[in-house]
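Dear colleague,

Please find the structure we discussed handed over below, together with an account of what was found in it. I would be grateful if you could read the account with the structure open beside you.

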Amino acid sequence: GNTPEALRDESISLNKVANIQERQGRIQEALQNYSEALQLRREIRKLTGDTPEALRDEFVSCWKLACATESDGQERWIKTALEIAQFGKSIFPEIAEFTEMEAEAQKRQQSRESTQ
């Protein structure tokens with residue numbers, strides 16, 4: 001069935017396939033699989049609520065899309081990843097990973113802005 005665990009397993013598989021496609025230069029196919037994984041992770045978050053794992057997984061999917069996407073689309077995914085990290089940090093301040101994710105996204109966003 002569509003349990004959170006089954007959906008997460010499927011999203012991990014999609015990301016693994018997309019990682020390989022990206023390394024092979026098959027960017028459009030990779031983006032399709034990363035996008036599908038993100039949709040599954042958003043579905044998981046709807047089912048489980050704002051758990052640390054659900055937020056982290058959604059951040060990772062947005063981050064993978066940001067890294068694989070060129071130009072304008074990349075900015076959108078960096079911004080979305082940053083928002084997820086900041087939200088996670090606000091409700092789970094004790095989890096250092098959200099602060100680290102926020103810093104990484106801010107760094108990426110600033111480097112993009114300085115090259116434009």
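A crossing of two helices is called left-handed if the near helix is turned anticlockwise from the far one by less than a right angle. With that term in place, α2 passes α3 in a left-handed crossing. Please bear in mind throughout that this is a predicted model.

**Helices α2 and α3**

The axes of α2 and α3 lie 9 Å apart, and the two helices pack at an angle of about 160°. Angles over 145 degrees count as roughly antiparallel, and α2 is therefore roughly antiparallel to α3. On the α2 side, the contact is made by I27, L31, Y34, S35, A37, L38, R41, R42, R45 and T48. On the α3 side, the residues are A54, L55, D57, E58, V60, S61, C62, K64, L65 and A68. Sorted by class, the contact of α2 with α3 has eleven nonpolar, three polar and six charged residues.

S61 is found in helix α3, and it counts as buried because its relative accessibility is 1%. Leaving out residues up to four places away in sequence, S61 touches N15, A37, L38 and R41. S61 and Q39 are 22 residues apart in sequence, while their C-alpha atoms are 9.1 Å apart in space.

**Helix α1 and its two partners**

Helix α1 comprises residues 4-23. Against α2, α1 packs at an angle of about 160°, with the axes 8 Å apart. This makes α1 roughly antiparallel to α2. The crossing in which α1 passes α2 is left-handed. The contact of α1 with α2 has 13 nonpolar, six polar and seven charged residues.

S11 is found in helix α1. Its relative accessibility is 0%, so S11 counts as buried. Not counting residues up to four places away in sequence, S11 touches A37, L40 and R41.

How are α1 and α3 oriented relative to each other? Their packing angle is about 20°, and their axes are 12 Å apart. Angles under 35 degrees count as roughly parallel, and α1 and α3 are therefore roughly parallel to each other. The crossing of α1 and α3 is left-handed. From α1, the residues R8, N15, N19 and E22 take part in the contact. They meet E53, R56, D57, S61, K64, C67 and A68 of α3. The residues of the contact of α1 with α3 divide into two nonpolar, three polar and six charged.

**The nonpolar cores**

The largest nonpolar core has 22 residues. Within this core, the residues with the most contacts are Y34, F59, C62, L65 and W77. Two or more residues each are given to the core by α2 (27-48), α3 (52-68), α4 (71-91) and α5 (96-114). The element that gives the most is α3, with seven residues. Another core lies apart from the largest one and has five residues, among them L14, A37, L40 and I44.

Y34 deserves a separate entry. Setting aside neighbours within four places in sequence, Y34 is in contact with N15, A18, N19, E22, K64, L65 and A68.

G88 is found in helix α4, and at 0% relative accessibility G88 counts as buried. Its contacts, leaving aside neighbours within four places in sequence, are L55 and F98. The C-alpha atoms of G88 and R108 are separated by 18 Å, and the two residues are 20 apart along the chain.

Is K107 buried or exposed? This residue, which has its place in helix α5, is exposed, with a relative accessible area of 55%. The C-alpha atoms of K107 and I78 are separated by 10.0 Å, with the two residues 29 apart along the chain.

With kind regards

Notes
Residues are numbered from 1 along each chain as its sequence is written. This is a predicted model: local features need pLDDT of at least 70, side-chain atom pairs count only at pLDDT 80 or more; totals for chains, interfaces and linings use all residues. Side-chain values use heavy atoms; hydrogens and water are left out. A nonpolar core is a set of buried Ala, Val, Leu, Ile, Met, Phe, Trp, Tyr and Cys residues joined through side-chain atoms within 4.5 Å. Buried means under 20% relative accessible area, exposed over 50%, partly exposed in between (1.4 Å probe, protein chains only). Helices (H or I, at least four residues) and strands (E, at least two) are DSSP runs, numbered from the N terminus. Contact means heavy atoms within 4.5 Å. Axes are lines fitted to C-alpha atoms, for helices over the stretch in contact, and angles run from 0 to 180 degrees between N-to-C directions. Angles under 35 degrees count as roughly parallel, over 145 as roughly antiparallel, 65 to 115 as roughly perpendicular and the rest as oblique. Ala, Val, Leu, Ile, Met, Phe, Trp, Tyr, Cys and Pro count as nonpolar, Asp, Glu, Lys and Arg as charged, and the others, Gly among them, as polar.
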